[in-house]
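Hi,

Here is the structure I promised to pass on.

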Amino acid sequence: MAGAVAMRKPPTVVQATGATEEPTWVRRLLIGTALLFLGIFLFLPLLSVFSEAFSGGVGLYLESITQPDALAAIKLTLLVAAIAVPLNTIFGLCAAWAIGKFEFRGKQLLITLIDLPFAVSPVISGLIYVLLFGLQGRFGPWLRENDIQVIFTVTGIVLATIFVTFPFVARELIPLMEAQGNEEEQAARVLGASGWQTFWRVTLPNVRWGLLYGVILCNARAMGEFGAVSVVSGHIRGRTTTMPLQVEILYNEYNFVAAFAVATLLALLALVTLVAKSLIEWRTGHATDKGRGAQI
Amino acid sequence: MKSAFRQHTVLPGFGITLGVTIFYLSIIVLLPLGGLVLTTSTMGWGAFQETVLDSRVLAAFRLTFGASLAAALINAVFGSIVAWVLVRYRFPGKRVVDAMVDLPFALPTAVSGIALVTIFASNGMVGRWLDPLGIEVVYTWFGIVIALTLIGLPFVVRTLQPALEDLEAELEEAAASLGAGRIEIFRRVIMPTVLPALLTGFSMAFARAIGEYGSVIFIAGNMPMRTEIAPLLIVIKLEQYDYAGATAIAVVMLIVSFAMLLVINLLQWWSRRYQIKAGG
Amino acid sequence: MHTAPSRRVHPSLKIEIGRARPLRPLHTSGATTMIRHFRQFRWLALPAVMLLAGCGGGDGEGGAGEAAAGGDVTLLNVSYDPTRELYTEFNAAFTAHWLAQTGQTVTVEQSHAGSGSQARAVIDGLQADVVTLALAYDIDEIATRAQLIDPGWQQRLPNNSAPYTSTIVFLVRKGNPKAIRDWGDLIREDVEVITPNPKTSGGARWNYLAAWGYALRQPGGSEATAKDFVTRLFRNVPVLDSGARGATTTFVQRGMGDVLLAWENEAYLAVNELGPDQVEIVVPSVSILAEPPVAVVDSNVDKKGTRAVAEAYLQYLYSDEGQQIAARNYYRPRNEAIAAQHTAQFGNVTLFTIDEVFGGWQSAQRTHFADGAVFDQIYQPGA
């Protein structure tokens, strides 16, 4: 799945010349088709979110997003992301270090296992935790005896979110570290750096854009997760509803303006994510150009 | 652990990082998934078969896999066009369009869900044009396919773009100088080169679509036997206290997903080998 | 330990080491390695603390309830979809009342979703202090499957633990263009009916049973004719939402169908919120008496120490103020006097109960809604 999240060089235009060019009408047709397709599937939904949100005026919009339940949802979403993203980042760095810098048997299997959450439906992601920690689950009675609650609380939501966003950073860093090899690190070691210094001063700067990229994607997904959180949430208003859940609740309450208002916040998050992504790709385009001369 | 398991190297931290990786992987991913499989295994083979082959469940599978396939195909076709256009042509606003392709990746599924329902309802922006034509989108199979197309959109485009960018112009020029027409060049030079990437993107879009929940349940109608997707059926079975049934369906979906994952990894390995050979 | 190696050939680099300044040894003692490595994980500290705090927060939900009589108490009311407005108003009233009476501050948290879905959540560990659901069957499930509620719960409060009732009515387009007056009109060829899925929605089960009950009461009515009637009714259903609110949205917002089968209170709320100029209510000749029950979740309140407050909370639903609030939110109050004040608002309809016609919820569930039971038999959308 690396292809989907892998960073690309900034878009280049392949210069076609003469015999390798399509006739103009074909070009226009293709561009038109592409734009129409994207227009319906990307621009329209985005547009509709904003237009519905503001259909009651700016005052109503602001009121909707400052409702106590909405604010609680925003806080919870931020909290969950603040826990899930760093944990997955650390994991991603560890995994990429182990996989990218060393050779060992079973590497491919490990990579595939790390990829698993990508392929699991969000509903199943929530279900597995209910099966483990729910009252009727494997650890249920023990948890109840010890007065520990996992699902239907913030902890459960965090767990489900960690599961869903598990591979993002790792899958970003693994091919990057693999491609970069370990010569630089070995050179650093030979020159006397400790393991930690090697990592901090040699590896990290090399992968920093990939790391940032992965973190941004991980964050976007963590804040936007719906299905998995819906199963483990308990829908307690003002306590265990995240922003996507709040959108659903408002929508079901016929409060369409408020639903779309909260949705605009999520849409803005998505747009910021896209902008950050583009900036990083732009920067790495420059970075690799400069670096190319210095590398092999 | 050292010499047979891995090559000896001077870099430290292998033990600890591998340890953390496996530990984290186990408690977050493997243990819960294992719990799921374990719960299903207590059902017994007979009960498992009965649950999974029940007509409502089969209908849900048919719908989920069928609609996902359709959506992935649509994405393969239109995604290719989009990728081609973005790599080969210039037009105003191209940068913005290129960045926007990733929107479904970043946008929460619930938001896409309600946005699509609003657009395609009979009084919506697109729906009002389709309604007089008798085309119903909301609460039909068509609506499900549209939702799944949206969320799979970036996969094909993003896997094709690097492949197209890496195409060497010399190959096309050589073919042209040898007398090949544009279509022939496309068919014989370009397509085979990007085919692995296209297949990879297609598989990813498919794998993503079969598990999708949030963006589909708003637009789907959720009628059993007709517009009920498999993930929803899992939730419904859960609410009927049929834990074993829910896990049975989940296990089937997991098996399919895992298989897709293997296919995708193989395709990526194939395309990387191909590129190494081609690029040198 | 810190010996500078003098002459060694590095295995993979295949160069001589020893010319450079002394290396830190590559193989240190286990302890030193561990200590060094632990420093790397100081970054884990913050998220780990937050995670544990989250766990603590989870406990805190129950912990708050353990406060002694003088402290603050939090109750969790797990309810079904249409009662949002009702309990917003009621909770405010109860909080004020309790504060005045005992000086204790109560915060009532609400959770709303489909009735069956909520029951399942409580069974799976959602720490409800009270449940206020759509059907007795759902609360029975909590009692039998998870033993969280004592059996015989329904007799602990008056009126079968249902402080208010409702019934099933029709919501039609303004002006009633299809002239839908009674259940019999629902099986006409030109009528499309919107109802949620009885397998997932408590309200939909009441709808189904009301239709069945009507058919039984017709001249020559029998189980067979009732089954035929309901079959034909469901043939007119184009879409089955999983919940009552979804169905209402489908009918009003999406403009599908000619008639919506709905809870009475839902219908009134829809008229108010979505436009009296869009829809109107038609009360059929006969309908079922829907008794949405309430109960204290014994196991949870005993564990949290909130029994006294929880029981008072439910009792307050039967008080005058509670009954007035119910009536204002279009629930039929049990209190005769208060009901009399609101007769204008509630249509006159002959009501039968589920016990009379179906022998109670357990029996109805088994006969009609279990897997392979009547509903599964009659609802063949492929056909």
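Below are my notes on confidence, the chains and a few local features.

First, the conventions. Residues are numbered from 1 along each chain as its sequence is written, and chains are lettered from A and ligands numbered from 1 in the order in which they are written. This is a predicted model, where local features need pLDDT of at least 70, side-chain atom pairs count only at pLDDT 80 or more, and totals for chains, interfaces and linings use all residues; side-chain values use heavy atoms, with hydrogens and water left out.

**Confidence**

The model comes with ipTM 0.81 and pTM 0.81. The part to watch is residues 1-69 of chain C, where pLDDT stays under 50. The model still has 83 contacts beyond four places in sequence for that stretch, a contact being heavy atoms within 4.5 Å. Where pLDDT is low, the predicted coordinates should not be read in detail.

**Chains A and C**

Chain A has 14 helices and 0 strands, while chain C has 17 helices and 13 strands.

On burial, I use buried for under 20% relative accessible area, exposed for over 50% and partly exposed for in between (1.4 Å probe, protein chains only). In chain A, 63% of the 296 residues are buried; in chain C, the figure is 55% of 383 residues.

Accessible areas are from the Shrake-Rupley method with a 1.4 Å probe, and for residues only the protein chains shown count as cover. Chain A exposes about 10900 Å², with 64% of that supplied by carbon and sulfur atoms. For chain C the accessible surface is about 15500 Å², and 54% of it belongs to carbon and sulfur.

If you take the contacts in chain A between residues at least 6 apart in sequence, 74% join residues at least 24 apart. For chain C, 74% of the contacts with a separation of 6 or more are between residues 24 or more positions apart.

**Aromatic pairs**

Rings of Phe, Tyr and Trp (its six-membered ring) pair if their centres lie within 6.5 Å; planes under 30 degrees apart are stacked, over 60 edge-to-face, and the rest tilted. That rule gives 47 aromatic pairs over all chains.

One of them is Y208(C) with F234(C), which is tilted because the ring centres are 6.2 Å apart and the planes stand at 45°. Y208(C) is in helix α7 (residues 202-217) and F234(C) in helix α8 (residues 223-235) of chain C, so this pair ties together parts 26 residues apart in sequence. Both residues, Y208(C) and F234(C), are buried.

Y208(C) also pairs with F369(C), this time edge-to-face, at 5.0 Å centre to centre and 65° between the planes. F369(C) sits in helix α16 (residues 361-369) of chain C and Y208(C) in α7, so the pair joins parts that are 161 residues apart in sequence. F369(C) is buried, as is Y208(C).

There is also a cluster linked by ring pairs, made of W97(A), F102(A), F104(A), W196(A), F199(A), W200(A) and F14(B).

**Chain B: a patch and an arginine**

L195(B), L199(B), L266(B), W269(B) and W270(B) make a nonpolar surface patch of about 480 Å². Patch residues have over 30% relative accessible area and no salt bridge; like charges are joined within 9 Å, and nonpolar side chains (Val, Leu, Ile, Met, Phe, Trp, Tyr) within 5 Å. A salt bridge here is a side-chain nitrogen of Lys or Arg within 4 Å of a carboxyl oxygen of Asp or Glu.

Helices α10 and α13 (243-279) of chain B each supply at least two residues of the patch, and α13(B) gives the largest share, 3 residues. L199(B), in helix α10, has a relative accessible area of 31%, so L199(B) is partly exposed.

R208(B) is also in α10 (residues 182-211) of chain B, but counts as buried because its relative accessibility is 16%. Leaving out residues up to four places away in sequence, R208(B) touches T109(B), I151(B) and F155(B).

Which non-glycine residues have a positive phi? N160(C) is one, at about 60°, and A179(C) is another, at about 50°. N160(C) lies in helix α6 (residues 158-161), whereas A179(C) is in the loop between β6 (164-173) and β7 (193-194). N160(C) is partly exposed because its relative accessibility is 26%, and A179(C) is partly exposed at 34%.

Cheers

Conventions: Helices (H or I, at least four residues) and strands (E, at least two) are DSSP runs, numbered from the N terminus. pLDDT is the predictor's confidence in each residue, from 0 to 100.
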